[in-house]
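Try each task before reading its solution.

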Amino acid sequence: MAILLLAYIPIAMAMDNLQIPRASKPPVLADYVTGVPANAGVEITDFRQKIPGDGIPASKSTKAYLSYDDSHFYAVFVAKDDPSLVKARMAKRQDFLGDDYVILELDTFHDKQRSFVFFINPYGVQLDAKRTEGQETDFDFETQWQSDGQLTSDGYVAMMAIPFKSLRFRSAPVQEWGIAVGRMIARLNEASYWPYITRREAGFVPQMATAEIREQITPGRNLQLDPYVYLGNSRILDRDSASTPFWKKERKINSGLDAKWVLSEAIALDMTIKPDFSEVESDEPQVVIDKRYETLFPEKRPFFLENSGFFQTPQPLFFSRRISEPTYGLRLTGREEHWAFGGLLMNDKAPGQLLDPAHKDFDKDARITVLRAQNDFSAGSNLGGMLTQRSLGGISNTVAGMDMLYQWDQNWVIAAQLAGSKTTDAGQQQSQGSLAYAEFKRVDKNFNYSGKLLDISRDFDTTLAFLPRKDIRQTTQTASYLWEVDEHAWLQTHGPQITAVATRDHQNILQDWSLDSAYIVNGIGSTTLEAHLLNAYERFEGGQFRKNGYLLSATSDWLSWLTVDIKVGQNEVINYLPASGQAAQLGDARSIAAVLTAKPSKHMRVEQTLLWNDLRLQNSLAGQNRGGMIYRDLLSRTRFSYQHNRYLGLP
């Protein structure tokens, strides 16, 4: 009987081009627990390792079945393994770090530049992302889809149902997409894919197979409206009152609207009125006491996270957290043939409130415009342009630039960027500046290299960008070589890594240099051990300082019930904020960062975080305590979660 059933299943073994069949009915997870149903879809079996063994067959059998209907794309995975060794737990969405999981990746425009990525663990817990060649994978992307999963006597089965309305693709009688399916076995630190994805090539999306849906499908046009109303009452103790402190009562009533209109298969319009940021999670704590330049706190507001990849450039000319208090906004993003484009119009109340009350533009709203266009002229290569502007009455800042990503061959990638700025300040003084950037990057199985050159003039304005330093000519060189060990051994790869940075100003005066010499060991169980030796020089307020230190780190999921992430370090740093009348001097900074996550059952997790930092001056100053201690901080936090729901919802 099994032979007869398999006769209905098209098989994709080694070919890199497959046709996706129509499903007669939506898949049902239970049908795959004891066998494979008829008309299950196209079957994929030849999974090959990307890590640890590049190109060798996967150590455990995995089969994927792909199909579609009028409204969904379906993927079902049958993963063989000892169920007692499978790492899996119930968790909230996007929170299954350390678990086994399976992957579906879709390049719906088949441009070999971008893809949608969908992950589920053996219980169906979801994670989704967007991959863009030349950029970091965007895990802030979120869309709506359904999943389910179940442990079995010989492994697990998992399935996805991706609504076409959650994707973007061209309108065509035949859909031609890039596709890849994968599996991660956490305890073995093994990632395998079909088609074969090698570490010897720089790009991931260009290596994906080609899949065809030989039928007209559409994501449909839809309108989403998300109104909200916020009511709040609070009492705040006013201690600054000239009289006796008293409780000050505050009542807040806010309302607003977020809306999305899908204009066509590949173009979306997002609108917001008084965007709702009330449920945005707080920033993770960072030590900023020994930082000379601005610290990056990532964007977490939903309106700015969605489709943020459209506005990314090698050097970030647009950083959305520069918009502090918006009350309305409009964003258009989309694709047409080989073009990707995006536009953002928004106001910001904060800049006008920071002006002198006597200024004629005080308390006015700033108007913000961001425009981006990019042409994908070949696989893994593109050319783009960007314009940003913030204007407030007679005050304005405009930045225009071009950037390029060019894949020279399978190993070498070149990135370049040129930009210029023009600024009129509150005193009506005008200035102009420039930025130039180039990177030469080599990606391979063993030897990897990156060389970066960055030149930013003194007058390049960063009103909407995140560029902590100006007036620099900086070079960064990073090289690593990892030896591979037998993929069946605990030790998988190990080797040295060196990062060297040197910075001069435009008068050719050396400002700083640093050398990070590291040795890295990677093993099974997602285990990584690193040892860093740090050497540096820095010029600050007329003084010249030599700095040395070390950093040790260890992360591991070796034990199925415990995840460990520990960093311990000591480094010489400059006290950038010395006591009044004192010169800056070196201090010894010590730090410990430890996160222990216990998983006593598939439903329960307890996370303990410990952050300890101190800064002690090497030479005590008058009026300070013995030993020169000027900063000490300890943060301890325990989080407990219990998740009992199943991730059901498939038709």
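**Exercise 1.** Find which residues Asp70 touches, leaving aside residues up to four places away in sequence.

*Solution.* Bear in mind that this is a predicted model. Start at Asp70, in the loop that links strand S5 (62-68) to strand S6 (72-80). With residues up to four places away set aside, Asp70 touches Arg22 and Phe164. Next, look at the side chains: that of Asp70 makes a polar contact of 2.7 Å with the side chain of Arg22.

**Exercise 2.** Decide whether Asp70 is buried or exposed.

*Solution.* First recall the cut-off: a residue is exposed when its relative accessible area is over 50%. The value for Asp70 is 58%, so Asp70 counts as exposed. For the chain as a whole, 47% of the 651 residues are buried.

**Exercise 3.** Work out how far Asp70 is from Ala536, in sequence and in space.

*Solution.* Along the sequence, 466 residues separate Asp70 and Ala536. In space, their C-alpha atoms are 60 Å apart. To set the scale, the C-alpha atoms of the protein chain fill a box of roughly 90 × 60 × 55 Å along the principal axes.

**Exercise 4.** Describe the fold in numbers and judge how compact the protein chain is.

*Solution.* Begin with the secondary structure, which comes to three helices and 35 strands. The radius of gyration is 27 Å, close to the 26 Å from the globule rule for 651 residues, so the protein chain is as compact as a globular protein of that length. Finally, turn to the contacts between residues at least 6 apart in sequence: 58% of them join residues at least 24 apart.

Definitions and conventions
Residues numbered from 1 in each chain as written. Predicted model: local features only at pLDDT ≥ 70, side-chain atom pairs only at ≥ 80, totals over all residues. Heavy atoms only, no water. Helix = DSSP H or I, 4+ residues; strand = E, 2+ residues; numbered from the N terminus. Rg over C-alpha atoms; globule rule 2.2 N^0.38 Å. Buried < 20%, exposed > 50% of the residue type's maximum accessible area, 1.4 Å probe, protein only. Contact = heavy atoms within 4.5 Å. Polar contact = N/O pair within 3.5 Å; in protein donor to acceptor, adjacent residues only side chain to side chain.
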